[in-house]
Amino acid sequence: MISADKPEEQYLKGRGAQFNPHNHFLAHSYVKEHSEGIDDWENENHKTSFIIGKSKTIINKVTSPDVGMAYSLNPYQGCEHGCTYCYARNAHEYWGFSAGLDFERKIIVKKDAPQLFKKFLERKGWNAETISLSGNTDCYQPAEREYKLTRQLLEIALAYKQPIGMITKNALILRDLDILQEMAKLNLCLVYVSINSLDEKLRLKMEPRTTTVRQRLKVVEELSKAGIPTGVMVAPLVPGLSDHEIPSVLKTIASCGAESAGYTIIRLNGAVGPIFEDWLRQNFPGRFDKVWHMIQSCHGGTVNDSRFGERMRGEGNIAKMIHDTFKLHCRINHLNLKRIHLDSGLFSIPKPQLSLF
C-alpha cells in the first residue's frame, strides 16, 4: 500500500484509488508498496486508455439473492468514475488488471455488445425476464459519450419490447430520454439513480469523476417528469461518514419525484478493502478509527461479510439503527408505496424488413 503520509502533491486528484494492489490471479506482478525510491520506479501514464474487448456473451445470470436482479448486461468493464468503494473493482482482476488504478484507467469497451444482445434475445426459450444495465459498472460512464453502446442497447430493447432495469450516477442518461419515454409507455423500464450523500465535498472525494449531487437530483426530477418510474439507491452508506444523511437524502429525492428508495451498507470485499482503507486514511485521518470500527461492527468484526442476506444490510446495533431510520423516513416521505413489475408479455422478435429491390 502507498504510504499514508506521502506528500500532498503526490495525491492523484480525480482518481479514487491511489495505487494498484496486487492481482491475486497473477503469479508474477509488481506493485508500488511505498512512495520512497520514486527515482527507481517507472511512472505510469495517468490518462485513461480504452481497450476493445471481445466476449462470447454479454448477458450474465445473477445468482445472488441480495441484488434484486436476475440478469445483468455491462457494455463496459472498469469504470472511470473511480468510486473508492466499488465492488466491481474485483472483477477487473479477471481481465489481468489491478482492482486499483487500473480499474479507473483501463476501460474495456465491449463494442460487440449490441450484436451479442440481439443474439441472446433471439435464443429459443427466452422468456423476457428483466435485464439490468449496470449490474456491475456504470453504463453511462464517460466512455459512453464516444461509444454510445448503451443507447444502442436501449434501441434494441425497445424494438424487441425487452424490459430493462437501469442504475446510474451519471446525468448522461438524459440523452436517452426519448427512448426511455417510449419504453416507459409500455411499462418496459425502471431507472434507479445512485445518491449516497448530498455533501458535494464528500462526493468529490469518494466518487471523483461522477456527476455532481445537483445534477443527479436533476436526473431524478427529469426522469420522473417524463413518466419514467424512478428510484434512488442510497448506496453504499458509510457508518460515521454518510449514514447521518438518511433523513435529508430521502426527503430531497421524494421532493424530486422519486417513487422508491433502497440502500446498502458498505462492505469491503477483496481488493476493495485496502483501496478504501488507504483512501479513508488519507482523506479523513482524524475520523479513520471511528469509521473503520463502525464498518467492522456492521460485519461481525470484519469489513466484509459474504453471507447472502447479511452482506448488503449488515448486522449489529449500528446496522439496525440504519435500517430503522431508513424505513421510518421512507414511510414519512411516502416512498416504496408500490412495487413496480415490468411487462414481459410484449416481447417479440422483430421481423426482418424485406428489401425493396
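Two strands pair if DSSP finds at least two bridges between them, and strands here are DSSP runs of E with at least two residues, while helices are runs of H or I with at least four, both numbered from the N terminus. With that in hand, take strand 8, where C189 is the bridge partner of I164. This is a predicted model, in which local features need pLDDT of at least 70 and side-chain atom pairs count only at pLDDT 80 or more, while totals for chains, interfaces and linings use all residues. Residues are numbered from 1 along each chain as its sequence is written, and side-chain values use heavy atoms, with hydrogens and water left out.

- Strands of a sheet pair through backbone hydrogen bonds, either parallel or antiparallel.
- Seven strands form an open sheet in the order 2-3-6-7-8-9-10, and the pairing is mixed.
- Strand 2 (59-61) and strand 10 (260-265) are the edges; each has a single partner strand, so one side of each is left without a neighbour in the sheet.
- On average, neighbouring strands of this sheet are turned by 25 degrees against each other, direction ignored; axes are lines fitted to C-alpha atoms, for helices over the stretch in contact, and angles run from 0 to 180 degrees between N-to-C directions.
- Three bridges link strand 2 and strand 3 (residues 71-73) in the antiparallel sense, and K61 stands opposite Y71 in strand 3.
- Helix 4 (residues 149-160) packs on the sheet and touches strand 3, strand 6 (131-133) and strand 7 (164-168). The direction of helix 4 makes about 160 degrees with that of strand 7.
- Strand 7 and strand 8 run parallel and are joined by five bridges.
- Five of the six residues of strand 8 (residues 189-194) are buried, so strand 8 is largely enclosed by the rest of the structure. Buried means under 20% relative accessible area, exposed means over 50%, and partly exposed lies in between (1.4 Å probe, protein chains only).

**The three-stranded sheet and Q77**

- A second open sheet to look at has three strands in the order 1-5-4, again with mixed pairing.
- Strand 1 (49-52) and strand 4 are at its edges, each with a single partner strand, so one side of each is left without a neighbour in the sheet.
- Strand 4 runs antiparallel to strand 5 (residues 106-109), and two bridges join them.
- Q77 belongs to strand 4 (residues 76-77), and its bridge partner in strand 5 is I108.
- Q77 counts as buried, at 4% relative accessibility.
- The side chains of Q77 and N136 make a polar contact (3.4 Å). A polar contact is a pair of N or O atoms within 3.5 Å; within protein, one must be able to donate a hydrogen and the other to accept it, and residues adjacent in sequence count only if both atoms are side-chain atoms.
- Setting aside residues up to four places away in sequence, the contacts of Q77 include A88, W95, K106 and T137; contact means heavy atoms within 4.5 Å.

**Nonpolar cores**

- In soluble globular proteins, nonpolar side chains tend to be buried together.
- A nonpolar core is a set of buried Ala, Val, Leu, Ile, Met, Phe, Trp, Tyr and Cys residues joined through side-chain atoms within 4.5 Å.
- The largest nonpolar core has 61 residues, of which F117, I131 and I253 touch the most other members.
- Not counting residues up to four places away in sequence, I253 touches I195, L217, V220, V232, A258, A261 and L335.

**Two buried loop residues**

- P239 sits in the loop between strand 9 (230-237) and helix 8 (246-255), and at 0% relative accessibility P239 counts as buried.
- P239 and H293 are 54 residues apart along the chain, yet their C-alpha atoms are separated by 9.1 Å.
- T210 is in the loop between helix 6 (200-206) and helix 7 (213-225), and is buried with a relative accessible area of 9%.
- The side chain of T210 makes a polar contact with the side chain of R216 (2.9 Å), and a polar atom of the T210 side chain lies 2.7 Å from the backbone oxygen of E207.

**Cysteines**

- How many disulfides does the structure hold? The structure holds zero, where a disulfide is a pair of cysteine sulfur atoms within 2.5 Å.
- For C79, the nearest cysteine sulfur is that of C83, 6.3 Å away.
- C79 counts as buried at 8% relative accessibility, and C330 is buried with a relative accessible area of 4%.
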